[in-house]
Structure formats: structure tokens, C-alpha cells
Amino acid sequence: MEKTLTSLDTIVSLAKRRGFVFPGSEIYGGLAGTFDYGPNGVELLNNLKRAWWKAQVYEKENYYGLDAAMFKHPRTWDASGHTKGFSDPLAECKECNARIRVDKELAAIGVTADEKMFIEELNALFDAHRNEIKCPKCGKKNFSAVRAFNLLVKSNLGDFTSDGSEPVFLPGEASQGIYLDYKNIVDSMNPKIPFGVVQIGKAFRNEISPRNFLFRTREFEQADTQYFIRPNENKEAYEHIKQDRWNWYLSLGIREENLRWHQHENLVFYAKDAWDIEYNFPSIGFDELEGIHDRSDYDLTQHQEFSGVDLRYTDPETGEKYIPWILETSVGMGRMFVAVLADAYREDELGGEKRAYLALAPRLAPYSAAVFPLLKNKPELVAKAREVYLVLKSAGIRIAFDDNGNIGKRYRRQDEIGTPFCITIDFDTLGETPELKDTVTLRHRDSGEQERLTIAEVSTRIRDAI
Ligand code: GAP
């Protein structure tokens with residue numbers, strides 16, 4: 001019986017053991033809220049980004065890519081509202097100085113803190129429940145009052161004051177790059193409304209309590225699409241975009257029962273309507289994977305006002321000038337990565353042995369195939385395996401070579417990183433059974449079934465699958 005995943009720890013441990021994700025700065029004891037993608041992780045991440053870019057830019061009409069600078073003029077974050085309104089409620093433990101995010105701690109005891117609450121209201125709510133909340137570090141219940149903690153991360157780029165009083169912020173959300181370049185895109189590409197601008201960009205947030213692996217980090221990438229539409233034409237387009245994004249996750253092989261919709265009751269400062277696609281993350285439960293926001297004309301109106309530059313669009317059909325409205329989709333690549341890994345994780349028994357494997361879609365797997373010589377100490381087998389490896393590599397297939405340990409162990413290693421095909425070179429490949437000369441065994445990851453094929457057939461099989 002096949003078993004799927006229940007604990008995030010299983011994924012965290014597999015990710016480290018198999019070179020997907022490492023804790024950031026580990027040799028110095030780590031840096032909270034940072035992670036590094038290892039050799040297999042970066043391949044999966046890049047495959048996800050490529051697939052996402054293809055779906056959002058190449059397969060759509062009138063969508064344009066962008067890669068904006070991370071550092072932006074400081075006024076950007078005043079105009080966007082982030083310097084004032086981008087905060088989380090924080091309280092400090094008076095015993096050990098640990099910091100807690102009050103809304104999350106309240107949620108953990110079943111109390112909902114409204115995102116729009118003033119700090120006084122939040123303090124009253126916290127005071128009513130202080131006795132039920134323990135410090136996660138020392139276990140005591142002696143907290144300070146709640147204060148709003150701004151999440152923007154400061155840099156000192158170009159700030160030559162010695163007190164850091166003119167900070168250039170790192171992006172709190174990647175999408176601001178698209179709004180700042182909106183006019184340049186309109187002037188250079190002449191897009192006809194409605195049109196989309198697409199970007200994968202870094203975001204930084206001073207999260208009070210980064211946690212749950214890649215789910216809540218201080219540095220992360222956001223894959224954003226900003227769809228510029230005529231004013232008041234949001235309703236139908238919004239529904240269409242929501243459905244399109246839902247289908248994207250199904251196309252990655254994510255099981256539909258692990259996805260659900262959540263509409264925000266309390267909207268963040270820029271949104272008119274907001275829906276999340278939630279994923280049933282192991283150990284976390286259903287939580288936000290991607291946000292889909294109706295931002296109306298908020299962002300461009302703000303930037304027009306703060307910059308003094310006319311950001312109105314001249315409609316080629318009507319000649320009318322207006323600030324376009326924006327529908328946004330934004331997903332953290334880290335959350336997408338965890339959802340894909342968690343959903344692909346399986347345990348079963350094969351040939352009487354327990355195994356764990358990743359049933360990744362072949363186009364997403366770090367390696368599309370692996371080649372093994374049956375025995376490491378037979379030079380003729382190794383030479384033939386190298387030859388097959390190079391033929392497939394030159395056919396553009398991302399391929400691994402492994403001659404380390406017995407064949408069973410090599411299969412397990414590839415299963416755990418999700419390699420969909422393993423190719424074994426044996427004595428029949430060399431011509432021991434003449435009619436099998438130049439054929440190999442092709443083993444399928446999920447079923448463990450094997451078939452005998454020529455090298456050309458194997459190449460076609462793999463290319464078709466990816
Ligand atoms: N531009 C809109 C925006 O930034 P958001 O809901 O704050 O909206 C969008 O973020 C997505 O970014 C989330 O759905 C989530 O996938 C990801 N995200 C947000 N904060 C994150 C964090 N601290 N760590 C990892 N991913 C995060």
C-alpha cells in the first residue's frame with residue numbers, strides 16, 4: 001500500500017540528505033529564516049520556474065517578462081504603503097527576550113486577530129488571553145505590550161549618513177518592480193490592454209518568527225503576474241485568472257484534494273478582493289500557497305501621486321486616458337517547491353523492501369534519467385555505460401551516471417530524488433545474448449517495472465516524457 005506524507009520533518013530531512021535544501025550558513029550555526037538550494041534543489045527550482053514562465057509568458061498572449069532591480073528609490077515604499085502599513089504585531093518575553101508574533105500565537109489557541117485591528121484593540125485582545133500563551137523559548141507567560149513591527153528590511157545602499165537615516169529598503173514584495181516599470185513597458189512594447197507583466201523576483205521580510213522550513217523565510221522569491229485591465233473590468237477576468245492558477249497546480253501533478261480556496265475577509269491595505277490557493281502542507285495543514293489579489297488602481301495611482309509622473313494609459317480603442325486596474329497573482333517559489341516535494345513524496349514496498357520515492361512529473365525532476373553499469377569492476381560495462389551516458393547527454397537529456405554500490409542502492413538513491421528512469425548496461429548490452437546486443441534495461445521509478453529497449457528507443461521515451 002502506497003503511503004503519502006504526514007510530517008514536514010520527513011521532507012526537511014530528505015531535502016538535506018539528498019542535496020535539495022540546506023539550512024543557510026549552517027557551519028556558523030545557521031541564520032534564522034534563510035535556506036540554500038543544493039545541487040538537486042536548484043534543478044527542481046529552475047524546472048519549476050521554467051515551467052511557470054512558459055505557462056505565464058509563452059503560452060499566453062500579450063504577456064511580457066521583466067527582471068527589475070531589487071533596490072528601488074526609497075519613495076517607492078512610501079507610495080506603496082509599506083513604510084507605514086506593512087507590519088506584524090510583536091510582543092517580547094520579558095524573561096528571555098524571545099519575540100512572538102501575537103496574531104499567530106492567538107490563532108494557535110483558537111483566537112482570531114483581525115488583520116485590520118488597531119494596536120490598542122490588539123493589545124486588549126492579547127491582554128484577555130495572555131495567561132493562555134507561553135513563551136516558545138522559556139515557557140513563561142510574562143510578555144510586553146504588543147507593538148506593530150515593520151517588516152521592511154533596510155540596507156545602507158547609497159546611505160552615507162552614519163546613522164542609517166536614509167535607508168534604501170530591500171523589496172518587501174517583488175511586484176513593486178513591475179509598477180515602477182509599467183510606463184517603460186507601455187512606451188517600449190505598446191501593449192494593448194488587457195496585458196500582463198510577469199516577473200520572478202526576490203522579496204525580503206523581517207519575519208518575527210520564521211518557521212516551517214521554506215514556508216516562512218526572511219528571504220524568498222515571488223513569482224508574480226500583474227494583469228493590467230480597464231477600470232471596472234475586474235470581475236470576469238479575476239474569475240478566469242483564479243481558475244487558470246488552480247489548473248497550474250494540477251498541471252504540476254499536485255492532487256486536487258490537497259488544494260482549496262480561501263477568501264480573505266480582512267483585506268491588506270492594497271487589496272479590493274483577495275483569494276488564496278491553499279495547500280495542505282504536512283505538519284502545517286491548509287495554508288497560503290499563492291495569493292490572487294484585485295489591487296484595483298491603488299498601486300499606479302499611488303506611484304503617479306508620489307512620483308508626479310503621468311501613469312495613465314491611453315486606450316487605443318477609445319482614446320480615453322485612465323489608470324489601469326491590476327489583478328495580481330503572487331506565489332512564493334519556496335512554498336511552491338515544498339508543495340511539489342510534499343505532494344510527490346511516497347513510501348511503498350518494492351521487491352520486499354521498503355522504499356521512499358518522489359513521484360515528480362518527469363519535466364520537473366532534477367535528473368531525467370540515470371545510467372548504471374551493472375558492475376563497477378568490469379571495464380567493458382563501464383565503458384559502454386559511459387558511451388550511453390554521453391549519447392543521451394548530447395541529446396539534451398539531463399542525466400546522471402552512477403556506479404557506486406549495488407544496483408538496488410543506486411535505484412533507491414535515484415528514487416529518492418525523483419529520477420523517473422534508470423538505465424542499466426549489462427552483459428547482454430555487450431552482446432552476450434546476440435539478439436539483445438545494444439539494448440539496455442529501462443526501469444520506471446513509480447512501478448519499478450523494467451523493459452528491454454534499444455538506446456535510440458530509450459532516448460525517444462525519455463524525451464517524450466519530459
Ligand atoms: N505582492 C503581493 C504579495 O506580496 P503576499 O500574500 O504577502 O502578497 C505572496 O505574498 C506570496 O509570497 C504568498 O502567497 C507566499 O507564497 C509568499 N510568501 C509571503 N511571505 C513569505 C515568507 N515569509 N516566506 C516564504 N514565502 C512567502
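How much space lies in the second largest pocket?

## Basis of the model

The model is predicted, so to speak of local features requires pLDDT of at least 70, side-chain atom pairs count only at pLDDT 80 or more, and totals for chains, interfaces and linings use all residues. Residues are numbered from 1 along each chain as its sequence is written, and side-chain values use heavy atoms, with hydrogens and water left out.

## The second largest pocket

About 250 Å³ of space lies in this pocket, a pocket being an open set of points on a 1 Å grid where a 1.4 Å probe fits, with protein on both sides within 12 Å along at least five of seven lines. Its lining (residues with an atom within 4 Å of a point) comprises 14 residues, and Arg50, Ala51, Lys54, Trp248 and Arg363 lie nearest the centre. Helix α2 gives the most to this lining, with six residues.

## Packing of two helices

Helix α2 (residues 39–58) packs against helix α10 (residues 333–344) at an angle of about 105 degrees, their axes lying 11 Å apart; helices here are DSSP runs of H or I with at least four residues, and axes are lines fitted to C-alpha atoms over the stretch in contact, with angles running from 0 to 180 degrees between N-to-C directions. That angle makes α2 roughly perpendicular to α10, a term covering 65 to 115 degrees.

Note on methods: Parallel < 35°, antiparallel > 145°, perpendicular 65-115°, else oblique. Points joined across faces, edges and corners; volume = space filled by probe spheres on them.
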